[in-house]
Amino acid sequence: MNLNKIFDELYPICRSITGPGIKSSLKILSNHMPLQIRSVKTGTKVFDWEVPQEWNLNRATLIDPDDNLIIDTDLCNLHVLNFSEPFEGELELEELKENLHTIPNLPEAIPYVTSYYQKRWGLCMKHKDFEKLKEGKYKVKIDTEKRDGCLEYGICELSGASEETVLISTYLCHPSMAN
């Protein structure tokens with residue numbers, strides 16, 4: 001198993017807790033391990049939580065007053081608020097800023113921000129780029145879709161030499177991040 005190859009396949013996929021990104025990522029992983037894929041329908045109560053709709057990002061862009069492409073999720077899918085509502089319009093900078101997310105103390109980082117249960121749209125960017133934005137009208141286009149479906153997850157049970165049970169639990173929903 002070549003972990004670098006698997007990483008390279010998974011890294012660019014835009015994933016949230018539901019939707020096509022998770023499904024395609026689980027399929028990739030199932031090619032490398034005996035993965036049982038299970039699902040829970042949208043709206044199902046799980047303890048104090050409810051399974052949200054499936055979310056799909058087609059593309060999000062931000063164009064500055066001089067028609068320069070500032071944000072493009074085809075280049076980095078972290079640039080969109082995960083679970084963002086669709087939005088298309090032209091906004092003055094001050095109004096746009098209300099929907100931009102940065103991390104001021106990490107000026108080179110693009111934050112990963114989610115909004116599973118609050119209907120809102122947004123874009124995420126490096127704080128150093130945010131500080132360079134100039135006055136004028138910006139064109140925003142966020143092409144996303146939500147629909148009822150399911151949350152999918154994988155289980156892999158492997159027998160070992162010991163009778164002990166070892167549980168390893170992780171998540172797959174955070175896109176294009178690695179440590």
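A residue counts as buried when its relative accessible area is under 20%. Keep that cut-off in mind for the close-ups below, which all come from a predicted model.

**Figure 1. Helix α2 and its buried residues.** Helix α2 covers residues 20–30, and its buried residues are G21, I22, S25, L26, I28 and L29. Looking down the axis of α2, you would find these buried residues within an arc of 155°, so they line one face of the helix. In any α-helix there are 3.6 residues a turn, so residues three or four places apart point the same way. What covers the buried residues of α2? The cover includes α1 (3–10), β1 (36–41) and β10 (150–155).

**Figure 2. The largest nonpolar core.** This core has 19 residues, and L62, L96, L100, L123, L133, V140 and I142 touch the most other members. Two or more residues each come from β4 (54–63), α3 (93–97) and β9 (137–147). The biggest giver is β4, with four residues. As a general rule, nonpolar side chains in soluble globular proteins tend to be buried together.

Figure 3. Leaving aside residues up to four places away in sequence, L100 touches L123, M125, F130 and L133. Is H101 buried or exposed? H101 has a relative accessible area of 17%, which is under the 20% cut-off, so H101 is buried. With the residues up to four places away again not counted, H101 touches L81, P111, V113, R120, L123, C124 and M125.

**Figure 4. The largest pocket.** Its volume is about 1800 Å³. The lining is made of 45 residues, and those nearest the centre of the pocket are G154, I168, S169, T170 and Y171. Helices α1 and α2 and strand β10 each supply at least two lining residues, and β10 gives the most, with five. Sorted by class, the lining has 30 nonpolar, ten polar and five charged residues.

**Figure 5. The second largest pocket.** This one has a volume of about 180 Å³. Which residues line the second largest pocket? They are T42, E50, V51, P52, Q53, F83, E85, Y116, Y117, Q118, K119 and K146. By class, five of the lining residues are nonpolar, three are polar and four are charged.

Conventions: Residues numbered from 1 in each chain as written. Predicted model: local features only at pLDDT ≥ 70, side-chain atom pairs only at ≥ 80, totals over all residues. Heavy atoms only, no water. Core = buried A, V, L, I, M, F, W, Y, C linked by side-chain atoms within 4.5 Å. Buried < 20%, exposed > 50% of the residue type's maximum accessible area, 1.4 Å probe, protein only. Contact = heavy atoms within 4.5 Å. Arc of directions from axis to C-beta. 1 Å grid on protein atoms, 1.4 Å probe; cavity = no way out; pocket = protein on both sides within 12 Å on 5 of 7 lines; lining within 4 Å. Points joined across faces, edges and corners; volume = space filled by probe spheres on them. Nonpolar A, V, L, I, M, F, W, Y, C, P; charged D, E, K, R; others polar.
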